[in-house]
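Dear colleague,

I am handing over the structure we spoke about, with the sequence alongside it. Please look it over first; my notes on what was found follow below.

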Amino acid sequence: MKKYLILFSGLLIFSSCADYLDVRPESQIEKEVLFSTEHGFFEALNGVYVRGTEGDIYGNELTFGSLDVLAQNYSMTNGSNTLAETYAETAEFNYLDNSFVTRKNSIWNGLYNAIGNSNLILENIDEREDVFTNALYAPLIKGEAKALRAYLHFDLLRLFAPSFFSNPAAPAIPYVVNYSTEITPQSTVSEVLDLIIEELLEARTLLESDPILTDSYVVGYTYNNDFDGLPDDGSNEEQGNDLFIQNRRHRMNYYAVCAELARVYLYKNDKVNALRYALEVIESGKFPWTDKNDFTADDDELKDRVLYKELIFGWYIPARENDLRSRFENIATSTAIVSAEGNILYETGGVGADDFRFKEWMKQESDGITTKLLLMKFKRDGNANLHSLMAPALRLSEMYYIAAECSFDSDPERAWGYFNTVRFNRGIGTEIHNETDYEFFISELIKEARKEFYGEGQIFYMYKRLNRDIMAQSGGTISASDKVFVWPMPDDEIVFGDRD
């Protein structure tokens, strides 16, 4: 077995701003000074979130980029398209391609760098609780830092190790809990999952004081514009002077921890606990389905393309707006899908004929050679919008998919009920009932999840967790295997030795 030394990219770069969302980098700060005030802890925690929004991880590659390329969601058909050229070998699962290796190494470094930022907070907070002026701050910061550390490790596991289904005893990744350059042993897949679950459960306990749990906290749109129906007096529950307390959905809140627990337990095939935590989110009623009028509004300023109210957790990415326009809205530079393939994906000739997602997210355009569908999910109309620009991380619909999968063995009709609920809220009136064949159910679930998570980086993980062949374009499949699902670890980030 091997040991791994995580090489973090320098010292931490922290950020700060008035609302703990729109952050700007500051100079490097000695930790003794940084953690001498509560503001320093806010800066450090913001550093984790800001690191997550960078293009090497959730601001691009792990949301819109490499993962959806691997899931065969984009058509690499235009040799003059720079993005198509960049990702062409990735779409063929050539993990030795120089472009992929560079991106993969940056993802590894980026995730562990964010973990290092979390570790620094957790190593200092217990000794400095006296600096906080509000009793809520310390447990919330500690809970968020623990949950983020678990979240980041889970995605490293899903990328760089075999799935639990494939080989639970396989060597996986180092689970790093100290901010240092000390060698961290490589744990097995099962061991990493147990550590993630332990941390998430601890975070959930710490976040039991999260204001999002209160009856008065109502999830709504974040901007007080004349058209949005929100009061302009600051009384909306997601507005206020103390946005660390008020705007909980842009953070790893209590329900985000529950949602991540549901996701992780399902990965471990513990369907009892996965169902438990998915239902805790669903039954909370905190995240309402997006109103059809908000999803399909003619006025771009009134349109909620990303289904914002349903986001349990997301990465705040206004700085990525121009990148997203280039990636999706310009046919000459975009990662897009050939129109015929997109119509197959969304089943527009059948149950998907009335699917709001296809109608609102897909824009048909031709480059004179090929007709393609450009993704409009992240399209913005300047700053006059119902909500901030977000990269979805955890959705209400995923909780329904998890509940459906976990219910099927014991109660297929209940499972189809969860499945049909999501489809109904996407404009699909055709329901499925009285089908007890598991293979048919999983096939339908994967098809719906692929529609829902298009451009969000989640469907590749679903294929891997279930060990299912990936649906290729033109009707083919890519056979499920560790050669497809497991990324090689970066060679230059590894110090070899014997595992304890």
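What percentage of the contacts in the chain with a separation of 6 or more comes from residues 24 or more positions apart? Where contact means heavy atoms within 4.5 Å, such residues account for 72% of those contacts.

Before the details, a word on the basis of these notes. This is a predicted model, in which local features need pLDDT of at least 70 and side-chain atom pairs count only at pLDDT 80 or more, while totals for chains, interfaces and linings use all residues. Residues are numbered from 1 along each chain as its sequence is written, and side-chain values use heavy atoms, with hydrogens and water left out.

The chain has 19 helices and 12 strands, taken as DSSP runs numbered from the N terminus (H or I of at least four residues for helices, E of at least two for strands). Of its 500 residues, 61% count as buried, where buried means under 20% relative accessible area, exposed means over 50%, and partly exposed lies in between, with a 1.4 Å probe and protein chains only.

As general background, nonpolar side chains in soluble globular proteins tend to be buried together.

Turning to charged pairs, a search of the whole structure finds 36 salt bridges, each being a side-chain nitrogen of Lys or Arg within 4 Å of a carboxyl oxygen of Asp or Glu. Arg-357 and Asp-355 form one of them, with their closest N and O atoms 2.8 Å apart, and both residues are buried. Lys-451 and Glu-448 form another, at 2.7 Å between the closest N and O atoms; these two are also both buried, and they lie three residues apart, about one turn, in helix α17 (residues 438-452). Both pairs belong to a network of salt bridges that also links Glu-310, Glu-347, Arg-423, Arg-426, Glu-444, Lys-447 and Glu-452. Elsewhere, the side chains of Asp-130 and Arg-128 meet in a salt bridge at 4.0 Å, N to O; Asp-130 counts as exposed because its relative accessibility is 62%, whereas Arg-128, at 25%, counts as partly exposed.

The structure holds three cavities of 30 Å³ or more. A cavity here is a set of points, on a 1 Å grid over the protein atoms alone, where a 1.4 Å probe fits but cannot get out, and its lining residues have an atom within 4 Å of a point; grid points are joined across faces, edges and corners, and a volume is the space filled by probe spheres set on the points. About 200 Å³ of space lies in the largest cavity, and of the 15 residues that line it, Arg-263, Leu-266, Glu-398, Met-462 and Arg-465 are the closest to its centre. Helices α9 (254-267), α15 (396-407) and α18 (459-466) each supply at least two residues of this lining, which has nine nonpolar, one polar and five charged residues. For these classes, Ala, Val, Leu, Ile, Met, Phe, Trp, Tyr, Cys and Pro count as nonpolar, Asp, Glu, Lys and Arg as charged, and the others, Gly among them, as polar. The second largest cavity holds about 80 Å³ of space; of its 13 lining residues, the closest to the centre are Arg-305, Lys-377, Lys-379, Arg-380 and His-387, and the lining divides into four nonpolar, three polar and six charged residues.

Ala-278, in helix α10 (residues 271-284), counts as buried because its relative accessibility is 0%, and its C-alpha atom is separated by 5.3 Å from that of Ala-262, 16 residues apart along the chain. Glu-199, in helix α7 (residues 189-206), counts as buried at 6% relative accessibility and, leaving aside neighbours within four places in sequence, is in contact with Lys-146, Arg-149, Ala-150 and Tyr-175.

With best regards

Technical notes
On a 1 Å grid over the protein atoms alone, a cavity is a set of points where a 1.4 Å probe fits but cannot get out, and a pocket is an open set with protein on both sides within 12 Å along at least five of seven lines; lining residues have an atom within 4 Å of a point.
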